[in-house]
Amino acid sequence: MKVMVIVKASEGSEAGGLPTAELMAAMGEFNNALVDAGIMTSGDGLKPSKEGVRVRFKGEERIVTKGPFAETNELIAGYWVWEVTSMEEALEWVKRCPNPMNEESDIEVRPFYEMADFAGIDPCGEILEDEEQLRQKIAMQTAHVCNYLFFAGRTEEALEYYQQHLCAKVGLLMRFNESPDPIPDGAIPENFSDKVMHCEFSIGDMNIFASDGCGGDAPFAGFSLSITIDSEQEAHRAFNALADGGTVKMPLQETFWSPLYGQVVDKFGVAWMVMLPSNAAN
């Protein structure tokens, strides 16, 4: 379940008081623990209400009021969004939180609505379908597409050439013999152990992935598109859509570099690699 953890404002936060260095360090440790546990999906602090505005809806009228606002106990100074198994789990994490203020303070935990809560007013599922399409659209707007080139054993030669003539900058480079997982027998030629399994480089403002692939002496004939999606559910949906009428080269599965990774050639002949980042949400 998804919950919002709300840090209520205090007189100090409304006055614009900043946390101490000790409190910032303690909150940083707490946030790291949340991230390591796979619970925190977002979180931020808010400036005092004097920096904000309110809009009151009264029929067709819109009444704008500038801050500050007097009801300190009704104001929000910050928040987290957590994915937890229960309210009890969320409460246990809140109890571990350092006091977010330099004075007495309150933190409120409230669950998000889920579409199942609206089943009574959506018997045909039309609202749920619209919501799912909107969720898909949001997920895909944050997806990252990158060109992935295969050089059939000539990656280092290509990198040197691009560095010399295009001022390419090489970042990560991993060889097959550096893989933390053993390469399956027969997956690569015998002389490929020191070839490039994966590398990342940039030319100008373009980031590119490259590999020697799994052998072959054919001339360079194309590339794959690598798409990284933050949502596991959306990664499966996108992969299955690309596989419809196409060819799955590697089913979506866990790898040492990604919790979910797969290769597919779509029905138009375009090769894709779909993957999740290591910190992806479900």
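Analyst: The answer below starts with strand order, moves through the pairings, and then turns to helices, loops and other parts of the chain.

The model is predicted. The part to look at is an open sheet of eight strands. Their order is β8-β9-β10-β7-β11-β14-β13-β12. The pairing is mixed. Two strands form the edges: β8, residues 169–175, and β12, residues 247–253. Each of these pairs on one side only. From one strand to the next, the twist averages 20°. Strands of a sheet pair through backbone hydrogen bonds, in either the parallel or the antiparallel sense.

β8 and β9 run antiparallel and are joined by five bridges.

β9 comes next. The strand spans residues 196–203. How much of it is covered? Six of its eight residues are buried, so β9 is mostly covered. The cut-off for buried is under 20% relative accessible area. On from there, β9 pairs with β10, residues 206–211. The sense is antiparallel, over five bridges. F201 stands opposite I208 in β10. β9 and β10 make a hairpin with two residues between them. In that turn, G204 has a positive phi of about 65°.

Now move to β7 and β11. β7 covers residues 144–150, and β11 covers residues 223–228. They run antiparallel, and six bridges join them. C146 has S226 in β11 as its bridge partner.

At the other end of the order sit β14, β13 and β12. Helix α6, residues 232–243, lies across all three. β13 is residues 261–265, and β14 is residues 271–275. The helix runs at about 165° to β12.

Side chains of opposite charge can pair when their charged atoms come close. R237 and E234 form a salt bridge, at 2.5 Å from N to O. They are three residues apart in α6, so about one helical turn separates them. R237 is partly exposed, because its relative accessibility is 31%. E234 is buried, with a relative accessible area of 0%.

This pair belongs to a network of salt bridges that links E132, R135, E234 and R237. E132 and R135 meet in a salt bridge of their own, 2.5 Å from N to O. E132 has 26% relative accessibility and counts as partly exposed. R135, at 25%, counts as partly exposed.

A152 has a positive phi of about 50°, although it is not a glycine. Where is A152? A152 sits in the loop between β7 and α5, residues 155–166. A152 is partly exposed, because its relative accessibility is 25%. C167 is another non-glycine residue with a positive phi, near 55°. C167 lies in the loop between α5 and β8. Its relative accessible area is 60%, so C167 is exposed.

The structure holds eight salt bridges. One of them joins K8 to E108, with the closest N and O atoms 3.0 Å apart. K8 lies in strand β1, residues 2–8, and E108 lies in strand β6, residues 107–111. The pair therefore ties together parts that are 100 residues apart in sequence. K8 is buried, with a relative accessible area of 18%. E108 counts as partly exposed, at 25% relative accessibility.

A nonpolar surface patch comes next. V53, V55, F57 and V64 make a patch of about 410 Å². Strand β3, residues 53–58, gives the largest share, with three residues. F57 is placed in β3. F57 is exposed, because its relative accessibility is 59%.

The bond between G67 and P68 is cis, with omega about 10°. P68 is in the loop between β4, residues 61–66, and β5, residues 76–83.

Technical notes. Residues numbered from 1 in each chain as written. Predicted model: local features only at pLDDT ≥ 70, side-chain atom pairs only at ≥ 80, totals over all residues. Heavy atoms only, no water. Patch = residues over 30% accessible without salt bridge, like charges linked within 9 Å, V, L, I, M, F, W, Y side chains within 5 Å. Areas by Shrake-Rupley, 256 points an atom, 1.4 Å probe, with all protein chains shown as cover. Salt bridge = Lys/Arg side-chain N within 4 Å of Asp/Glu carboxyl O. Helix = DSSP H or I, 4+ residues; strand = E, 2+ residues; numbered from the N terminus. Buried < 20%, exposed > 50% of the residue type's maximum accessible area, 1.4 Å probe, protein only. Pairing = 2+ DSSP bridges. Axes fitted to C-alpha atoms, helices over the stretch in contact; angles between N-to-C directions. Contact = heavy atoms within 4.5 Å.
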